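These notes are meant for a colleague who is opening this structure for the first time. Please keep the sequence and the model at hand while reading the numbered points.

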Amino acid sequence: MGVRYFGAEVRRVEDPRLVTGKGRYVDDIELPGMLEAVMVRSTEAHARIRSIDAAAARALPGVHAVFTLQDFPAEYHDRPMVQPYPAPVLLQPTTQHPLARDEVCFVGQAIAIVVAETRHIAEDAAGLVAVDYEPLPAVVDCREAVKTDAPLAHAGSPDNIVARLRVAFGEVETAFADAAHVFEERFLQHRGGCHAMECRGVIAEDRPLHDGLTIVSATQCPYLVRRNVAAYLGRDEGRVRVVAPDVGGGFGPKAGVYAEEIVVPLAAAALGRPVKWIEDRREHFVTTNTQRDQEWTLEAAVDADGKLLGVRGRVIHDNGAFVPYGLLLPMTSLTPLPGPYAVPALDVAMDVVFTNTAPNSPIRGAGRPNAAFAMERLIARVARELDLDQAEVRRRNYVPADGFPYDTGQKFRDGSAIKYDSGDFEGCLDKVVELSGYAGFAERQAEARAEGRYLGIGVSSCIEDTGVGPYEGATVRVQPDGKVQIQTGAASQGQGHETMLAQVCADRLDVALEDIYVRAADTGAFPQGVGTIGSRVAVNASTAVFDAAESVRDKALQLAAERLEASVEDLEVEDGVIGVAGVPEMKVTYGELAKQLAPMAGGPLPKGFSPGLEATSYRTSEGMPTASGSNIAEVEVDIGTGEVRVLRYSVAHDCGKMINPMMVDGQIVGGVVHGIGNALFERLVYDEAGQPLNNNYGEYLLPIATEMPPIAVTHQETPSPFNPLGIKGAGEGGTIPATAAVVAAIENALEPFDVVIRSYPVSPEELCDLIEGGGASERSA
Amino acid sequence: MKHTHRISLTVNGRPVETEVEDRLHLADFLRRELKLTGTHLGCEHGVCGACTVLVDGRAVRSCLMLAVQARGSDVTTVEGLAAEDGTLSPLQEAFREHHALQCGFCTPGMLTSLTAFLRDNPAPTDREVREAISGNICRCTGYQPIVAAALAATGDEAIEGEN
């Protein structure tokens, strides 16, 4: 078997269509007879709906229907959406009604859907729907929501507590009793919105006498949508097909199930016509899940050398108005907390609370960037208090390179230990120290300081638990023309899965990459799938493709051996041709074998062979591979204006064996920029009444080209023992440590002013206040 | 009251003559009327740049311009950047070579913006390229490979190809 493609910087097979405008995103699809929909959304953060008057909207020429919840069949009038990730610890697993019943709990919540000949008419009509609200008290700040006398985000609920979580292991009390030092840190984290450049979108077509309901959605998880929508509508899953076409970025929030994925099908079913709904950017700001505030209060117990003995504390997590995605976001903020450090004891509790703001679910990295930021804050504090170098304090605390597999002390839900499979955290740090010119920084800083410029450097390390199971299957099928088709459930939102899976398959079969095509993310084309979240597709789907391709190769060799009257051991494969070694004329192609295995009526099927040169595998990684990385940011702060410029950014990353280093670098660099955006720019602002204040790209700042530094990336390859390819996920390792690195660099630059940053994103205005005031301050949410 | 106007213009080298509603913006006209869905709408308030097309050679946000304003213009969309025979432009090739796209949604706007920029600035610096795309938001790539692709597409051979 060759390794022509694995590990090579293969150009992407997706690109020819995408650079020529031939991509096919949801909004590019038109079905015959299709109508277009616009949602009517709440303008209030919390209110009771007294009445909805849609008469004027319905009377507008070109409007086919306006549906409120009451206009759908009675069975849906008291049926909130299905909780996709139920958990016993969810005290209030509250989901929304797909259209509001009698109460709205955040600005943007869907109240009605207008369906018309065109989007333009639907927009006109939506503006004519009059909703009479009785305002109710709103709670916006999670630190208020947790209090017993806080306004209730949902009228009639006992309190605002969604869940109380706790992660604990080791002897925490002893750790603190024995500590040479105890440091407390408090900080507020805020990650903002998703902002895939393509907003969400849904097309639904219901053909009850034919193939049932088809939903085209810009989703990361078509199978989750199928499960959830079928359950909600009371339909047979086999007659609900969900397709994700080209999707313009996901970054987490597109992994959930949204009201429109229920409402648009209901409208299409009622009208007997296909219906399309495309989210606009303002809707994206207020209705696509966000990742807002977390307040952390942590204490670190440290010995005299700066080694962590224990960590304890409390977190308040803003879940927004509903629970669209179980507890996956808050849990991923807690369990990865120790990161790359050997923390012997830990006890952290988290209150997950409702507020009257957009619902929350994971954004790139989920809670891991928050966990990394929290742990890096403690490490930074230890370094500052004990006057240790930023790199040195980390070296003292890392899980050692000979300590793998490393038992973190935590347990999975099934009681098994959470372990890190492999890694070399200090090795990664060495690489980034080298790459960033860390050793020469003090000189650069001193020179700049002499000119009145303030340079700073920040180190940040992380791990990423990647490749969550339980599977992501694939079928590999050789067609009679010799082309190889891969079918998988795994949806792509730009990661390049088609290329990646083709690379793995091409090597295993010894065929040319050009002879492979991938069909993915269509529940009608592959029976079972999970979805694209948590850096899991490379790990799971590649393993399945690898295994399926091996079965196909074995079957082909068996049949070729019979056909060529040779033994399997004497056969060799090159570029899709199987031949007998040393006998050039003795050969047969995969395509010829595929044809032999798929005869038409009356044709002979080779004895002992099943039809088709194909195999399906659900083989998966035997555990979650632990990726890791260390980053170093170098910044300059203008002490007059508070402007922060990231001058250079260096990454050493370890995601095991890389299938396509070019695409891995793409994930890392893009991820870092997202993390820099979190550090410096991205803040969703709500006023005290729960009105969102910055729902446009003039006021909500995303990273742009001129603000981003050169980003240098180097790799360490510590193969995962969990899967045959030795791979670990790479989708989020750029984002996870980045915010902490930038914030540490800013503090380092402003050391002469004793500036301690206790919240992000860090605005110039706040920095000016900190520089003038000295010491720490904290923004209100 | 629905008002319409008769307009004629050239789109990707082909003459178009049609009736358009006055409120129809150019992006919707291209996407909905001409089925040129390569032009993407990312924000519809003129910041993200995904909808950028060339109007008489200038990079323009087609969400901020009415179709009727394009009367008499020569419009080029992403579909018009490759040669008639499908050969990619050097910039399109460079995007592929340098992994300057992931999800591909901002890509049409990046390509049109840079096509105009590189025509007028055939030997730009890294900084100038960054300025040129500072009105185009990409959430996937971190911009670095886009800048690399633009710089790579400025060789002698590439400039010839841009014409």
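**Notes on the structure**

1. In chain A, I379(A), V382(A) and A383(A) of helix α10(A) meet Q390(A), V393(A), R394(A) and N397(A) of helix α11(A), where residues are in contact if their C-beta atoms, placed from the backbone, lie within 7 Å. By class, this contact has four nonpolar, two polar and one charged residues; here Ala, Val, Leu, Ile, Met, Phe, Trp, Tyr, Cys and Pro count as nonpolar, Asp, Glu, Lys and Arg as charged, and the others, Gly among them, as polar.

2. This is a predicted model, in which local features need pLDDT of at least 70 and side-chain atom pairs count only at pLDDT 80 or more, while totals for chains, interfaces and linings use all residues. Residues are numbered from 1 along each chain as its sequence is written, and chains are lettered from A and ligands numbered from 1 in the order in which they are written.

3. Helix α10 (residues 368-386) and helix α11 (residues 390-397) of chain A pack at an angle of about 115°, with their axes 9 Å apart; axes are lines fitted to C-alpha atoms, for helices over the stretch in contact, and angles run from 0 to 180 degrees between N-to-C directions. Helices (H or I, at least four residues) and strands (E, at least two) are DSSP runs, numbered from the N terminus.

4. Helix α7 of chain A covers residues 260-271, and at 1.5 Å a residue its 12 residues should span 16 Å, which agrees with the 16 Å between its end C-alpha atoms; the expected span is 1.5 Å times one less than the number of residues. The helix α7(A) is mostly covered, since 10 of its 12 residues are buried, among them I262(A), V263(A), V264(A) and L266(A). A residue is buried if 20 or more other C-beta atoms lie within 10 Å of its own, exposed if 12 or fewer, and partly exposed in between, with C-beta atoms placed from the backbone. Just after α7(A), G272(A) takes a positive phi of about 65°.

5. A112(A) is found in strand β5 (residues 110-116) of chain A and counts as buried because it has 24 C-beta neighbours inside 10 Å. Leaving aside residues up to four places away in sequence, A112(A) touches V40(A), I52(A), A54(A), V66(A), F67(A), T68(A), L99(A) and V129(A). A112(A) and M39(A) are 73 residues apart in sequence, yet 5.8 Å apart in space, C-alpha to C-alpha.

6. R449(A) is found in helix α13 (residues 441-450) of chain A and is partly exposed, with 13 other C-beta atoms within 10 Å. The C-alpha atoms of R449(A) and A749(A), which are 300 residues apart along the chain, are separated by 9.5 Å.

7. Chain A is divided into domain 1 (15-22 + 469-617) and domain 2 (398-465 + 625-777), with bounds that come from an automatic or database domain assignment. The centres of these two domains of chain A, taken over C-alpha atoms, are separated by 39 Å, and 13 residues of domain 1 are in contact with 14 residues of domain 2. On the side of domain 1 of chain A that touches domain 2, the largest share, five residues, comes from α15(A).

8. The contact between the chains takes 42 residues from chain A and 42 residues from chain B. On the side of chain A that touches chain B, α17(A) gives the most, with seven residues, and the residues of that side divide into 18 nonpolar, 15 polar and nine charged.

Technical notes:
Contact = placed C-beta atoms within 7 Å.
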